[in-house]
Amino acid sequence: MTADNSDLQSLITNIDRKYTPLREVIKESWNRSSNYGLKTNNFKNKVLLNRNEIELRISKNKDFNDKFDRIFSEFRENIGEISAVFFITDKEGYVLSAKNHLNEFVNLKKGENFSEFYLGTNAAGLTLYSNQPATVKAEEHYFKYLTAYNSTAYPILDQYNNLKGCIAAFYTAELDNNLLEMIIKLFAFTLTDKIPADKILKSKNDKSAPKTGSKARYSFADIITNSKNMKKAIEVAQIAARNDSTVMLVGESGTGKEMFAQAIHNYNHRKNSPFVAVNVGAVPKDLVESEFFGYEEGAFTGARRGGRPGKFELANGGTIFLDEIEEMTLSAQQNLLRVIQEREVTRIGGTHALPIDVRIITATKSKLIDKVKKREFREDLYYRLNVIRIPIPNLKDRRDDIMLLVNNFIKIHCQKFGIPVKKVAKISKKYFLEYNWPGNVRELENMIEGIITFALDDEVIKPKHLPRELINSQNTKEKKLDLMSLEAAEKTAVINALEKSNYNISKAAEILNISRATLYNKLNKYNIERK
């Protein structure tokens, strides 16, 4: 279609859309899109760079790209609940990174082009054309397949105001445009250092920092299982969630104990109150009590001015989850027992007890009763914490769940990388199903992320994409089976020789072409009686 055809209504009629843009900026963009030769019923952007070209563009924008990844990682807990996909492009419109995919319909891929020239009117394309922030609503999008969503974008400029690219989002129509515009603007300001990144990004260097949070993201619906044992654990957890009794979750690392804790919290009347998680094993022994119970100003050398609330104060009204409770010091155990009994906490160096209302959920990967017997854990505290005990089964004991989880994690990580969801070859399934998974579900998820990285350009996950430990585990099993088969064959040969020789040792040894002494050894080895 040429520029001579400038009548918008005629344009719309010719390209089968029953919508007339009202905003002037959208009308102009539609006209440009038409002049580029685009049709509104085109389903998808066909432009996609190959892997080498994508990596080259990412390397040219490495700081920009890495900062986006860091920002999104820090805000993932909150953004994870927003039905949106966030992405950044270079100045030519090629996607460098995409996060938190909306669904498979808007399945952004690295290397796709979102400029007006290729994708018609959309917020990213409009921003790249105008160097201005843009929001495009539903039917304002030029391509039909994007009209179920809104989009918003903000330009990324260098220190000389030259365009580097843009940050943008597609999101469902029911979400507030102002909210998404604010988020995108915040990200853009951080990417361009208008807001220093260290003001909103947490330090990655504090290895001793305990795992904490103020919001539970998981519910029982997020626990994927067909396992009878796992379903029983969920049933017990749902019953426990109806009241505020103390719960102890027992299971090996990676079985999903924190997911259960969050699900219990979200199933309880406290679901709108804080959920605070603390990995007891990650807190230095000399800081355990100050982390749990807080401290007043001047309580010890280095104490923060004004003091600091402990985790129990932060969780007041909600739930506190104490992971690896077996690592708690005896002194802290005594104080925890007092908190449970008195329902109040006193900061270190403080004189006033603060009343608290906290539901306690603990988790352990060891047999805590053994520590009680060794006097390494207080017996009275153990029975206070072990009111409702919920064992979480290992992944190797829920084999029916393995491929369910594999496929789920493949979908999650493919969406994260902005690529189509991959299938698993039949032979690869065998490796997944027969591996023992010592690291449980956590190991499986981390492994899938690595596999997807190596299988980016392939549609099917094959053995060549699998990590060495998965392959070696299967090979070891096969070697053991081969050894057993050889021994079984040898035992059969000895018995046949004996029967053929009417149990004459000399003749049997001659048939087997071995010495009498060797034959006697084999009779003993295989427990074969001589008649």
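The bridge partner of Ile88 in strand E2 is Ser97, where strands (E, at least two residues) and helices (H or I, at least four) are DSSP runs numbered from the N terminus. This is a predicted model, in which local features need pLDDT of at least 70 and side-chain atom pairs count only at pLDDT 80 or more, while totals for chains, interfaces and linings use all residues. Residues are numbered from 1 along each chain as its sequence is written, and side-chain values use heavy atoms, with hydrogens and water left out.

## The neighbours of E1

E1 and E2 (residues 95-99) pair in the antiparallel sense over four bridges, given that two strands pair if DSSP finds at least two bridges between them. Their hairpin has four residues between the strands, and Gly93 takes a positive phi near 95° there. E1 also pairs with strand E5 (residues 163-172), again in the antiparallel sense, over seven bridges, and Phe87 stands opposite Ala168 in E5.

Because seven of the seven residues of E1 (residues 84-90) are buried, this strand is largely enclosed by the rest of the structure; buried means under 20% relative accessible area, exposed over 50% and partly exposed in between, with a 1.4 Å probe and protein chains only.

## Aromatic rings

The whole structure holds 19 aromatic pairs, counted when ring centres of Phe, Tyr or Trp (its six-membered ring) lie within 6.5 Å, with planes under 30 degrees apart called stacked, over 60 edge-to-face and the rest tilted. Phe87 and Phe170 are stacked, because their ring centres are 6.0 Å apart and their planes at 10°. Phe87 lies in E1 and Phe170 in E5, so this pair ties together parts that are 83 residues apart in sequence.
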